[in-house]
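Here is a short tour of one protein chain, written for reading with the structure open beside you. Please have a look at the sequence and the model first.

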Amino acid sequence: MYMIESKGGAIACMLLALLFLGTWPAIMTLTERRGRLPQHTYLDYTLTNLLAAVIIALTLGEIGPNRPNFFTQLSQDNWQSVMFAMAGGIVLSLGNLATQYAWAYVGLSVTEVITASITVVIGTTLNYFLDDRINRAEVLFPGVACFLIAVCFGSAVHKSNAADNKSKLQDFKSLETASSFEMETVSANNGLAKGKAKEGTAAFLIELEKQRAIKVFGKSTIIGLSITFFAGICFSLFSPAFNLATNDQWHTLKHGVPKLNVYTAFFYFSISAFVVALILNIRFLYWPILGLPRSSFKAYLNDWNGRGWSFLAGFLCGFGNGLQFMGGQAAGYAAADAVQALPLVSTFWGILLFGEYRRSSRKTYTLLISMLLMFIVAVAVLMASSGHRK
């Protein structure tokens with residue numbers, strides 16, 4: 001199997017993982033905003049997410065002089081570590097599924113800020129102690145503090161942007177009771193009837209509401225924030241579970257049984273994530289949540305609108321997770337949590353693809369810039385804390 005042995009190689013893996021993991025949520029959001037049911041999107045995504053793990057295992061898990069390789073470990077008595085890896089896959093799958101609904105309620109940027117910050121605060125602390133403190137605490141925990149500050153800025157950004165959007169929609173008598181006639185009237189007054197609405201206007205928000213799969217007008221953002229915090233808790237546990245699977249800090253393996261390598265652990269990790277996602281999303285096809293329309297497995301198979309994008313999202317997430325684990329095994333999983341600064345990437349895509357924060361107030365822009373600066377500092381500090389696993 002191939003192993004990352006240098007700190008520079010580990011940091012390169014982390015940076016590439018940051019790009020991939022910050023991009024796939026934007027692609028998933030794109031399909032939802034174009035009206036594709038999230039159940040359909042997630043079923044496509046989970047197929048290629050598993051395929052990415054298989055590709056990594058069959059290539060990097062088999063090449064190089066280091067042993068044991070991927071196929072050898074499949075037949076070894078390492079079920080205890082396999083259970084930790086699969087537990088990590090289960091909580092990650094639940095977190096990813098939850099965020100797909102949270103994006104619609106509170107936006108891509110805010111969802112990523114809150115979940116990433118919870119992940120780093122809890123997950124990094126757990127990984128630091130699991131890794132026998134190979135990361136420099138005097139550098140690592142100031143980085144964690146930067147994430148805490150970032151989540152405060154993120155919450156403020158959401159509150160300010162929500163107020164901006166409400167003022168844009170002031171022509172509605174009430175968001176909860178707005179009639180279709182009122183929506184058409186406001187649309188015409190904002191130029192929607194003459195062509196595509198400008199990003200950031202009330203007409204743009206109304207057009208988006210009509211087109212998207214998950215309807216959010218008149219619904220409390222408390223729902224979205226609750227889903228977001230649940231996802232953050234799930235995300236905070238998957239990396240420590242994977243750490244236990246590959247390093248056996250609790251000494252659960254029998255004497256003489258090799259520890260799981262990253263590629264074997266990632267394979268089992270992805271298998272459990274796939275099974276959970278498959279079961280839940282097939283259930284959501286027939287018994288949907290949050291007011292989504294009912295679908296069927298036949299309708300899913302016939303829905304090719306956005307399927308290519310969904311497949312791409314799965315590949316990006318799969319390869320991103322694999323790179324994160326490769327970097328974490330080399331330099332410490334606490335440092336690898338720097339890839340959770342996904343808002344650096346997802347906010348860029350949110351602005352470029354979805355018009356988030358267009359025509360917002362100066363206060364919102366100031367808070368947004370402050371949030372992004374804190375994430376840049378956090379990434380630099382966390383990566384600077386990288387150690388070397390002996």
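## A buried aspartate in a loop

Let's begin with D337. Not counting residues up to four places away in sequence, D337 touches V120, G123, T124, N127, S239, Q324 and L382. This is a predicted model, so please read each contact as computed from predicted coordinates.

Where does D337 lie? Its place is the loop between α13 (333-336) and α14. Is D337 buried or exposed? With a relative accessible area of 1%, D337 is buried, because the cut-off for buried is under 20%.

## Helix α14

Which residues of α14 are buried? They are P343, V345, S346, T347, G350 and F354. After α14 comes G355, and its phi is positive, near 70°.

## Aromatic pairs

Now for the rings. How many aromatic pairs does the structure hold? There are 22. One of them joins F267 and Y268, with 5.7 Å centre to centre and 65° between the planes, an edge-to-face arrangement. F267 counts as buried at 19% relative accessibility, and Y268 is buried too, with a relative accessible area of 15%.

Another pair is formed by F348 and W349: the ring centres are 5.1 Å apart and the planes are at 65°, so this pair is edge-to-face. Here F348 counts as partly exposed at 45% relative accessibility, and W349 counts as partly exposed at 23%.

Some rings gather in a group. One aromatic cluster is formed by F238, F242, F266, F269, F325 and Y333.

R307 lies over the face of Y300, at 4.8 Å from the ring centre. The charged end of R307 also sits over the ring of W304, 4.5 Å from the centre of that ring.

Conventions:
Residues are numbered from 1 along each chain as its sequence is written. This is a predicted model: local features need pLDDT of at least 70, side-chain atom pairs count only at pLDDT 80 or more; totals for chains, interfaces and linings use all residues. Side-chain values use heavy atoms; hydrogens and water are left out. Buried means under 20% relative accessible area, exposed over 50%, partly exposed in between (1.4 Å probe, protein chains only). Helices (H or I, at least four residues) and strands (E, at least two) are DSSP runs, numbered from the N terminus. Rings of Phe, Tyr and Trp (its six-membered ring) pair if their centres lie within 6.5 Å; planes under 30 degrees apart count as stacked, over 60 as edge-to-face and the rest as tilted. A charge sits over a ring if NZ of Lys or CZ of Arg is within 6 Å of the ring centre and within 35 degrees of the ring normal. Contact means heavy atoms within 4.5 Å.
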